[in-house]
Amino acid sequence: MTGAKVSAVLRPFRGAAIGSAVVLLVSFSAYHLHFNLSAAASLDILIVLFVTHWFGFWQATATSFAAVACLAYFFAPPILSFYVADPHNWVALAVFELTALIVSQLSTQAQNQKRRAVLLHENATRLYDFSRSILMLNRREPPGAQIASLIQRNFGADGVVIFDPTIPRLYTAGSWTHEDEELARSTYFQNTNSDCQNSSRWQRVLNNGSQPFGALVLSGDHLTSLMIDAIASLVAVAFERARSFEKEMQAEAERQSEQLRTTVLDGLAHAFKTPLTVILASTSGLIETGQLTESQAELIGLIDQHATKLSGLTNHCLQMAKLESAAIKLRPDEVEVSALVEEIAADCRDQLGKHSIRVQLDAGGLTVSGDRPLLAITITELIVNAAKYGSVDSPITISVLEQGSKVVVSVHNEGSVIDASEQRHIFERFYRSPATKHGASGSGIGLSVARRTAEAHHGSLWVNSDKVTGTTFFLSLPVIGGDCASFAR
């Protein structure tokens, strides 16, 4: 055995040996000073109390037995003999031993309570410092590494491992092993807490409510289960707080980006309006002169046609940007849906090129309470979108159906397919599908405004798309007399 191991083995016996030696020395001195049994017993009680304070209860118990032996040998007749002749002395020795044991036990309990109180105060102070440090985390850096360092510094842990499965990534501090990393992963995937006091390892699942979102492994022989639970709770709060700040910053960045895009779009649309107006006025003037040759008139007519189309697109962009930049305010009126759809279809036929329009009115006469111009813009957007992304020369089918207390307008096109993973994103502002954004022009705000318009009318807008049936957009609105069908004027 090494010297350290031998010292560890002998450490519990050291206090008993020292106490017994002191009792023997004091008893021998008291014998030569002619102390009686009571006086010597009082001195021995003091020695037992000191041994209890410095070494512990069991060492004090051994010292008390040594004191009884010395009292019997030096002070109980016959002197210098372990035989005690007088029964009264037996009673005195027994009372001494019982008193020594009780006093030692009470002293030990008082010391233990004091140690626990001090430990609780220290732990509370560490937890307070840790929680305060969490509030001062650098938001520009990942929280995991900072939190691991704070735990190691505030609680003196030998090693810290935090597993974040969302990245996934391990954050470490202090001394850790590959085994600790595997423990962190298994703790999360098995969703189980564990305490291994033999190896001084503590495993905790980090929970957001009832849902696990990470794991914590600590090593250190001075840590307690209660302390680990508190640390794990604070770590969970710290991660949630950091992620909340991250979402807020991301949302703010997106808002500013969208505001900038809307402003740029509005500015470009206004910039195009003036030259387009000049071009249209010039072409109209040249046509009215009647002095153009046939080829010149054909070219001027082509310029006028495309300038008119470009002017319409510019007006559409201006309208979309205006709706995007502010909350949609309704001017409700009674709108007969079938009539509105037929009117829009007639207006759009000249704008759709070789795409034909089929109108199916299976629910004529249904009326909704809504803003007619906004509803017209929304349905027009769906039709233009179908023509833009549908296959060449494919028909566009517009249907009006009744479903319970709602009227559903559907716009179907063939050819293009919206992937299932993108269907929830196409209604986001400025989103363009990577598969189609280079194939057709657009600002990416039309569908977002269409959904906002539908929701403002207490309706909904969604899409179904697959290779077999094509792509269909559905606009659902409550009819008058159904739920949520009236609006404050």
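Two strands pair if DSSP finds at least two bridges between them. Helices (H or I, at least four residues) and strands (E, at least two) are DSSP runs, numbered from the N terminus. This is a predicted model: local features need pLDDT of at least 70, side-chain atom pairs count only at pLDDT 80 or more, and totals for chains, interfaces and linings use all residues. Residues are numbered from 1 along each chain as its sequence is written, and side-chain values use heavy atoms, with hydrogens and water left out.

**View A. Strands β4 and β5 pair in the antiparallel sense.** Eight bridges link β4 (residues 201-208) to β5 (residues 211-219). Arg204 has Leu216 of β5 as its bridge partner.

**View B. β4 and β5 belong to an open sheet of five strands.** The order is β2-β1-β5-β4-β3, and the pairing is antiparallel. β2 (169-174) and β3 (194-196) are the edge strands, each pairing on one side only. On average, neighbouring strands of this sheet are turned by 15° against each other, direction ignored. Axes here are lines fitted to C-alpha atoms, for helices over the stretch in contact; angles run from 0 to 180 degrees between N-to-C directions. Helix α5 (residues 143-155) packs on the sheet and touches β1 (159-164), β2 and β5. Its direction makes about 25° with that of β2. Helix α6 (residues 178-190) lies across β1, β2, β4 and β5. α6 runs at about 150° to β5.

**View C. A second open sheet of five strands has mixed pairing.** Its order is β7-β9-β10-β12-β11. β7 (357-361) and β11 (460-466) stand at the edges with a single partner strand each, so one side of each is left without a neighbour in the sheet. From one strand to the next, the twist averages 15°. Helix α9 (residues 337-348) lies across β7, β9 (396-403) and β10 (406-413). α9 runs at about 175° to β7.

**View D. β11 and β12 run antiparallel.** Seven bridges join β11 to β12 (residues 470-478). Trp462 has Phe474 of β12 as its bridge partner. α11 packs on the sheet, touching β11 and β12, and its direction makes about 130° with that of β11. Val468 sits in the loop between β11 and β12. Val468 is exposed, with a relative accessible area of 78% (buried means under 20%, exposed over 50%, partly exposed in between; 1.4 Å probe, protein chains only). The C-alpha atoms of Val468 and Glu414 are separated by 9.1 Å, with the two residues 54 apart along the chain.

**View E. Helices α9 and α10 cross at roughly 50°.** Their axes come within 10 Å. That makes α9 oblique to α10 (under 35 degrees counts as roughly parallel, over 145 as roughly antiparallel, 65 to 115 as roughly perpendicular and the rest as oblique). Leu340, Val341, Glu343, Ile344 and Cys348 in α9 meet Arg372, Leu375, Ala376, Ile379, Thr380 and Ile383 in α10. Contact means heavy atoms within 4.5 Å.

**View F. Helices α10 and α11 cross at roughly 140°.** The axes of α10 (residues 372-389) and α11 (residues 446-456) come within 9 Å. The two helices are therefore oblique to each other. On the α10 side, the contact is made by Leu374, Thr378, Glu381, Leu382 and Asn385. α11 contributes Gly446, Leu447, Ala450 and Thr453.
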